[in-house]
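Have the model open as you read.

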Amino acid sequence: MKRKDISIPVEQPKRSNPLANVFDELMDFCRSRSMFMLHYCTGCGAIELPPAMTSRFDMERLGIQPMVTPRQADILLITGYVSIKTLKRVIMTYEQMASPKYVVGICSCTVNGGMYWQSYATAKVLKDYLPVDIYIAGCMPRPEAVIEGLRELMSDIKQGKANSWQRYYKNYDYYLGNQQKLFGDNWQTPTDIIAEARHYNLISEQTEGKHTAVLQQHQKPLEAFEARLKHQQGQAREQ
Amino acid sequence: MSLQHLLTELVLMPIIAFVVGLFLVLMMRKLGARIQRRVGPPLLQPLYDILKLYGKQTQISHGLIHEIGIVMAVGGYIAAETFLPVPGMNGIADKGGLVTLAYIMMVPSLGLAMGVGQCANPNGSIGISRALTAMFAYDIPFILVIFGVAYQYGTTSLTDVIAIQQQQGMAGWGVVQMPLLFIAGLIALPAMMGKHPFEIYVAPAEIATGPMVEMGGKFLGGLFIMQCFQYYTISVLFVTLFLGGGENWLTFLIKVFAVAAIPLSIAYVFPRYRTEDVLRMMWKWPVILGLLGLALVMG
């Protein structure tokens, strides 16, 4: 598969007000010192995270702590091979997170498929489907390597360089195209990325294209989830 | 008291409560880390978390009630702070009293219930129903304790309770006068703070943090601020009722942190009860102790 070069610049121009710049730097500093991670534990890399979090290496001293839902989290850790079925969940999880959000690919499998490079059931290169901020290669990387990678991410955030979440909005057509190649043309997530991009003024020429046109052909409006037990549904139908 | 003086106090008291609350949260996390033989977070970690959450660039709101609910949750505690006398500042404490405070301390839970209700997340609904059940469980011993203290000192005014205790010295403290009520309050304390072994409504591994499940960005930030206020309010109330309030800021803060350290250090060595067990336990042991204490006080 020939990969498209998607390196459009996403850095934000510095604001002219010096006080606003100080505020932005403070915010970037806070972001770098407080990272809530959501580990989507696929594959074998997940086993390296408990030692990194607990008393041996203690991530909390760097301000990194685990969170349980995507709404609360900042970092999405993908810790191993991503099967096609898993990738759907990963994408839905990623789209629910609040920006700025960061994706960390751990293990070789997320870089190039690793030992599953021949498999028909895995998505090989994670960055084709999601904007990955940092890869931590290894099979599997030890906790020291995980922490080293997260510190790298911290320094990127502090310098305001970790902006790849904007790339997902600005290049949505590319990512959606790759997703449609795997999941078929009727792939739709519960989050309307184009509307969000428009709302937060993150839209670019590459947000919409031929792939999003396919999506818009069959896109269904979202309905509220009806929380009912099965027998209640039956009763409702009878009435 | 001049109006200007009163307004200054009303602004200062919640701010002080927030700052002390930040350090209480830090103490909780540091204690947990030490018990688990870790280093723990740096000094300003709670502040970084809150600033970062408010600095999120996309905020996911589920509607107006979701936002009002968070405002109610934080606002309820801010109102409670103005009724809690601290050294040198009484705010409007002499206008209210124990009963007003007990009433206001329920507002945050109700606000949270409203806010979480609109998120329509099943985990959130289970969480909030558990939170209200827990409130139901700890409120019985809590009201018994409040009633006993009010009977002992013959007043529901917190300023008077503090003044009487400080006049009589350490022998007049609630903990010496009413030891059984003190123990009953101590058992209810972790439930009021929502910590283990009564942490039924957060339960990250079971219902994905319950009420917080759909909260991101500024909503979660609001809940973090609420947590700071919650720890502060409950510890200060306990200090006021049983430990003679504060003669000056130094002794006051020492007492507040010592009281908060009891449930927080218990929290990290115990697992969690189930909801019905919390209700059974809360309505049995602290209530029996509270009733006995009440009999001693009234006898």
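## Around I70(B)

Setting aside residues up to four places away in sequence, I70(B) touches G115(B), F219(B) and G222(B). Contact here asks that two C-beta atoms, placed from the backbone, lie within 7 Å. I70(B) sits in helix α3 of chain B, residues 64-82. Helices are DSSP runs of H or I with at least four residues, strands are runs of E with at least two, and both are numbered from the N terminus.

Because I70(B) has 26 C-beta neighbours inside 10 Å, it counts as buried. The cut-offs are 20 or more other C-beta atoms within 10 Å for buried, 12 or fewer for exposed, and partly exposed in between, again with C-beta atoms placed from the backbone. A113(B) is 43 residues from I70(B) along the chain, and their C-alpha atoms are separated by 9.4 Å.

A word on the ground rules: this is a predicted model, where local features need pLDDT of at least 70 and side-chain atom pairs count only at pLDDT 80 or more, while totals for chains, interfaces and linings use all residues. Residues are numbered from 1 along each chain as its sequence is written, and chains are lettered from A and ligands numbered from 1 in the order in which they are written.

## Around I64(A)

Over in chain A, I64(A) belongs to strand β2, residues 64-66. With 24 C-beta neighbours inside 10 Å, I64(A) counts as buried too. Leaving out neighbours within four places in sequence, I64(A) contacts M35(A), M37(A), M59(A) and L150(A).

## Helix α7 of chain A

Helix α7(A) runs over residues 172-183, and its 12 residues reach 16 Å from first C-alpha to last, close to the expected 16 Å. That expected span is 1.5 Å times one less than the number of residues.

Which residues of α7(A) are buried? They are Y172(A), Y174(A), Y175(A), L176(A) and Q179(A). Their cover includes α3 (84-96), α6 (164-170), α8 (193-199) and α9 (210-218) of chain A. After α7(A) comes G184(A), with a positive phi near 95 degrees.

## Where the chains meet

Chain B puts 31 residues into the contact and chain A puts in 22. On the chain B side, the elements giving two or more residues are α2 (45-54) and α11 (217-242). The largest share, five residues, comes from α2(B).
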